[in-house]
Amino acid sequence: MRWWSVANLVSNAGTWMQLTVQNLLVLQLTGSAAATGLSLSVQAGPGLVMGLFGGAAVDRWPRKLTAAVSQAILGLVAFTTAFLVATDQLNYGLLMALSAVTGLIATVDGPATSLLGNDLVRREDVPSAIAVGSLVHSVGRLSGTALAGVAVGVLGTGAAYAANGFSFLFVAAVIPFLKPAVQALGAAGRAGQGEATAEPATGPEQKAAEAAEDTEPAMTAREGMAFFMRRPRLVALAVITGLSAIFGRNYQLTLAVLVTGPLSAGAGAFGTVSSVLAAGGIVGAVLAARLRRPSVKLVGALAAAGALLQVVAGLSPSLIFLLVLVLPMSVVESVSDTAGTTVLQTDPPAHMRGRVLGVWRSLSTGWGLVAPPLLGLLMEQAGARGALVLGGLIIAGVTGLGALLHTRRGTLRTAPAVPEAYRTAA
């Protein structure tokens, strides 16, 4: 797990180097801000259409091999882009094609690497592993963004793509040496007890998953969608996360407009807000490492708490007041994300997890594409303050209503059948 975390840190830093430079590269090639947005949409687009099939492939293929191959291909794409930039042969069309290929491979790579990381620890430690991954992501984002500026200034735009290519190859080189937790514990037990023929113990959940695996050889994307829709916990998690993504977490947009508009502060002030958001994400990841059995109920409570903080932030009278609120907002968001990811990756049986993550990728890509224009329209109509307040009230209201309906349904389901009790007594 330590090696995997180091590999993820290197990979995340490389990815953010490339993402930071990609926008600059598109502007250099086209001079159009709209073209920059289109390039990001082209890269995200395959996740909307192919996410289901990518998840099915992860369930069907050996996980370590799938992750290693996908990382190697992503590295090859990054090196190709770096070569085209260095030789001055890159044009906008080629960049769009390479972005689409990256997005397509990511539909397989995302669930494969996520589940591979969980395989390295015991089941009860999965929330901590996901929290470590969140922490690594935050640190990688900060370092990658900073390194991108250095790389471009010293070596040119292509250097960021080359660095990302090496980061993918580093991950691919580490993967073959990783041991799933069951194998590692079994090997340790044999070494300590001198039992060369001992086999690792398997719990009832693993046996059930293996039995289900034998009865579902098709491993189709349709089965993944059907399973997801039949699972109320997953549907509730999708509703909560989707609402939060659309109305509550686009702080880089809403808080930027709030700081530079109603609060009359400059771009430097928003930089401070962004730094506090990043620091809160790291603190939240550290706190989330203590989670053991997170639930959808916890995710909903955290989403509602974050939404109410967002409402108060929308009413901030000053920048100092906003900065005081931004830290807990970011901490709550980070813990909620870790809890939700844990539920998503541990609730389904083992043989369905790739497909469930594939469904989730399609959903998250969908609301990721819908959120910016919808939020922009809301800010045009209600302003930055109104968007924050209304968005927070929508999230808190829907989450609270869902909790109330769930509680009432549980009460009705467990209510004693009084007439039947009387007949039995008689």
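In which helix does Q22 lie? Q22 belongs to helix α1, which covers residues 2–30. The structure is a predicted model, in which local features need pLDDT of at least 70, side-chain atom pairs count only at pLDDT 80 or more, and totals for chains, interfaces and linings use all residues. Residues are numbered from 1 along each chain as its sequence is written, and side-chain values use heavy atoms, with hydrogens and water left out.

**Overall architecture**

- The protein has 16 helices and zero strands; helices (H or I, at least four residues) and strands (E, at least two) are DSSP runs, numbered from the N terminus.
- Of its 426 residues, 44% count as buried, where buried means under 20% relative accessible area, exposed over 50%, and partly exposed in between (1.4 Å probe, protein chains only).
- Among contacts (heavy atoms within 4.5 Å) with a separation of 6 or more, 85% are between residues 24 or more positions apart.

**Packing of α3 and α6**

- Helix α3 (residues 63–86) packs against helix α6 (residues 158–174) at an angle of about 160 degrees, and the axes are 8 Å apart. Axes are lines fitted to C-alpha atoms, for helices over the stretch in contact, and angles run from 0 to 180 degrees between N-to-C directions.
- The two helices α3 and α6 are therefore roughly antiparallel to each other; angles under 35 degrees count as roughly parallel, over 145 as roughly antiparallel, 65 to 115 as roughly perpendicular and the rest as oblique.
- The crossing of α3 past α6 is left-handed, a label that applies if the near helix is turned anticlockwise from the far one by less than a right angle, with clockwise giving right-handed.
- Residues of α3 in this contact include A68, L74, G75, F79 and V85, and those of α6 include Y161, N164, F166, F168 and L169. By class, the contact of α3 with α6 has 14 nonpolar, six polar and no charged residues. Ala, Val, Leu, Ile, Met, Phe, Trp, Tyr, Cys and Pro count as nonpolar, Asp, Glu, Lys and Arg as charged, and the others, Gly among them, as polar.

**Packing of α11 and α14**

- The axes of helix α11 (residues 251–260) and helix α14 (residues 319–346) come within 13 Å and cross at roughly 175 degrees, and α11 and α14 are therefore roughly antiparallel to each other.
- On the α11 side, Y251, L255, L258 and V259 meet L319, L322, V326, M329 and E333 of α14. This contact of α11 with α14 has eight nonpolar, no polar and one charged residues.

**Individual helix residues**

- Q22 counts as buried because its relative accessibility is 1%. Q22 and S99 are 77 residues apart in sequence and 9.7 Å apart in space, C-alpha to C-alpha.
- L142 lies in helix α5 (residues 126–155) and is partly exposed, with a relative accessible area of 45%.
- Between L142 and A278 there are 136 residues of sequence separation and a C-alpha to C-alpha distance of 8.0 Å. Apart from neighbours within four places in sequence, L142 is in contact with A278 and I282.

**Loop residues with positive phi**

- D88, in the loop between α3 and α4 (92–119), has phi near 60 degrees, a positive value in a residue other than glycine. D88 counts as exposed, at 69% relative accessibility.
- S264, in the loop between α11 and α12 (267–288), has a positive phi near 55 degrees and is a residue other than glycine. S264 is exposed, with a relative accessible area of 63%.
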